[in-house]
Amino acid sequence: MAHNIFKGLGIALVTPFSSDGEVDYKALKRLVEYQLDNGADFLCILATTSETPCLTKEEKDHITNLVKEEVRGRVPILKYCGGNNTSAVTKEIRDTDWSGIDGILSICPYYNKPSQEGLYQHFKAISAASPLPVVMYNVPGRTGVNMSSATTVRIARDCPNIVAIKEASGSLEQVDEIIKNKPDNFDVISGDDALTFSMVASGAAGVISVIGNALPKQFSRMIRLEFNGEYEPARKIHHMFTELYSLLFVDGNPAGVKALLNDMGFIENILRLPLVPTKIETKQKMAEILKKMTI
């Protein structure tokens, strides 16, 4: 039976672009090294924060190979493969070379708004097609549909290679329901930086984090303290981040974290349309908070 190896601090890796709009592979390499040196437990590549819909197949292949070469087996790699056409997703899973990748992240189908039974059948088909452990991704704010805790638990019981869910419903009640009823080999992973402290306290196994791109050391420390039952010092770190959480997402993701990484000297502050950089005032507020924090 498969088990979940994606625990602790996972990074939802950004894609740096240079001023000419091309992928900045040198910056990406530096970023991966920085994250691994500062507490990242696994990397999540080519999902929302990577601006994946705006990347070509060649760019996605190049990013995959670069990350595999840079990581060299030091931490697990979770790679996104999902969509709202079940047969296209299962075909892509079957046709992809997954060597050097440890798991597949797959989103609830978006736009066509399936029923709970449709969600169940979608992930059952993905489970049957996948040679790797699968992490589901529930993010109703992006997909237009919320996978209920009952459906999540049903899938977890019926599909042994579906090992976790990245839960970004924003509902701690839903998280509690899943954790209470799930099988032992299945985990909940936070998909929301601001709720990570509460979710880990409730029994979540970790986070796939946006803010971790820029501040992996502090965020991973918070999670480790919680895992050790040291909630008071962990809460202090959580509160240190509170203002930053909202600023990071006010102008969309990954605009906020790219502005932060730009202030830290890691990347150019460039996104691909239809996404645009964060507003100047948001960037300035984040820069002020950054100065106060001990990096």
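## Helices α1 and α2

Helix α1 (residues 25-37) and helix α2 (residues 57-71) pack at about 40 degrees, with axes 10 Å apart. They are therefore oblique to each other. Angles under 35 degrees count as roughly parallel, over 145 as roughly antiparallel, 65 to 115 as roughly perpendicular, and the rest as oblique. Axes are lines fitted to C-alpha atoms, for helices over the stretch in contact, and angles run from 0 to 180 degrees between N-to-C directions. Helices (H or I, at least four residues) and strands (E, at least two) are DSSP runs, numbered from the N terminus.

The crossing of α1 past α2 is right-handed: the near helix is turned clockwise from the far one by less than a right angle. From α1, the contact (heavy atoms within 4.5 Å) draws on Y25, L28, K29, V32, E33 and L36. Their partners in α2 are E59, H62, I63, L66, V67, E70 and V71. By class, this contact has eight nonpolar, one polar and four charged residues. Ala, Val, Leu, Ile, Met, Phe, Trp, Tyr, Cys and Pro count as nonpolar; Asp, Glu, Lys and Arg as charged; the others, Gly among them, as polar.

## Model basis

This is a predicted model: local features need pLDDT of at least 70, side-chain atom pairs count only at pLDDT 80 or more, and totals for chains, interfaces and linings use all residues. Residues are numbered from 1 along each chain as its sequence is written, and side-chain values use heavy atoms, with hydrogens and water left out.

## Helices α3 and α4

The axes of α3 (residues 86-95) and α4 (residues 116-129) come within 9 Å and cross at roughly 15 degrees. The two helices are therefore roughly parallel to each other. Here too, α3 passes α4 in a right-handed crossing.

T86, V89, T90, I93 and R94 of α3 meet H122, A125, I126 and A129 of α4. These residues divide into five nonpolar, three polar and one charged.

## Helix α6

In helix α6 (residues 149-158), the buried residues are S149, T151, T152, V153, I155 and A156. Buried means under 20% relative accessible area, exposed over 50%, partly exposed in between (1.4 Å probe, protein chains only). The buried residues of α6 pack against α4, β5 (134-138), β6 (162-167) and α7 (172-181).

## R272 in its loop

R272 sits in the loop between α11 (255-263) and α12 (280-292). Its relative accessibility is 16%, so R272 counts as buried. A polar atom of the R272 side chain lies 2.8 Å from the backbone oxygen of C54.

Leaving out residues up to four places away in sequence, R272 touches F17, G21, E22, V23, E51, C54, L55 and E59. E59 is also among the α2 residues that meet α1.

Definitions and conventions: Polar contact = N/O pair within 3.5 Å; in protein donor to acceptor, adjacent residues only side chain to side chain.
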